[in-house]
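User: I am learning to read charged side chains in a protein model, and I would like to go through them step by step. Could we begin with how to tell where such a side chain sits?

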Amino acid sequence: QVQLVESGGGLVQAGGSLRLSCVASGRIISINAMNWHRQAPGKQRELVAAITGGGSTNYADSVKGRFTISRDNAKNTVYLQMNSLKPEDTAVYYCNANVKRALWERANDYWGQGTQVTVSS
């Protein structure tokens, strides 16, 4: 199996920063895209930031210029640096990764359990 564990969430004042981490472990041959999603109360889960295996990135318009996604392939880890946080960024943040577990298997998507980010005004 593959496990994804997020960390780094918490309570921060508006204008502050947080850095989320997500570590993938288990039987892993390679990891393709790694992404951060978020879900606020009463809203649908949305894609916040994505990074390909080659390092190309993409962001939701609402976080462009404030959030930065990065990855450390040697550590099977993806990060989300969040600056200039706003109360509307309050949500549970989830990471997911497209992981290949064996050469003869196709890659599948795995999800972490989420970490709460709360931004106070």
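User: Is Arg 66 buried or exposed?

Analyst: The general idea is to look at the relative accessible area, where a value under 20% counts as buried. In this structure, which is a predicted model, Arg 66 has a relative accessible area of 10%, so this residue is buried.

User: Which residue forms a salt bridge with Arg 66?

Analyst: For a salt bridge, one looks for a side-chain nitrogen of Lys or Arg within 4 Å of a carboxyl oxygen of Asp or Glu. Here the partner is Asp 89, and the closest N and O atoms of the pair are 2.8 Å apart. The two residues come from distant parts of the chain, 23 residues apart, with Arg 66 in the loop between strands S6 (57-59) and S7 (67-72) and Asp 89 in the loop between strands S8 (77-82) and S9 (91-100). Asp 89 is buried as well, because its relative accessible area is 0%.

User: Which residues are linked with Arg 66 and Asp 89 in a network of salt bridges?

Analyst: Arg 38 and Glu 46 belong to that network together with Arg 66 and Asp 89.

User: How many salt bridges does a search of the whole structure find?

Analyst: The search finds six. Among them is the bridge between Lys 64 and Asp 61, at 3.2 Å from N to O, and Asp 61 is exposed, with a relative accessible area of 65%. Another joins Glu 105 to Arg 101 at 3.5 Å, where Glu 105 is partly exposed, at 21% relative accessible area.

Notes: Residues numbered from 1 in each chain as written. Predicted model: local features only at pLDDT ≥ 70, side-chain atom pairs only at ≥ 80, totals over all residues. Heavy atoms only, no water. Buried < 20%, exposed > 50% of the residue type's maximum accessible area, 1.4 Å probe, protein only. Helix = DSSP H or I, 4+ residues; strand = E, 2+ residues; numbered from the N terminus.
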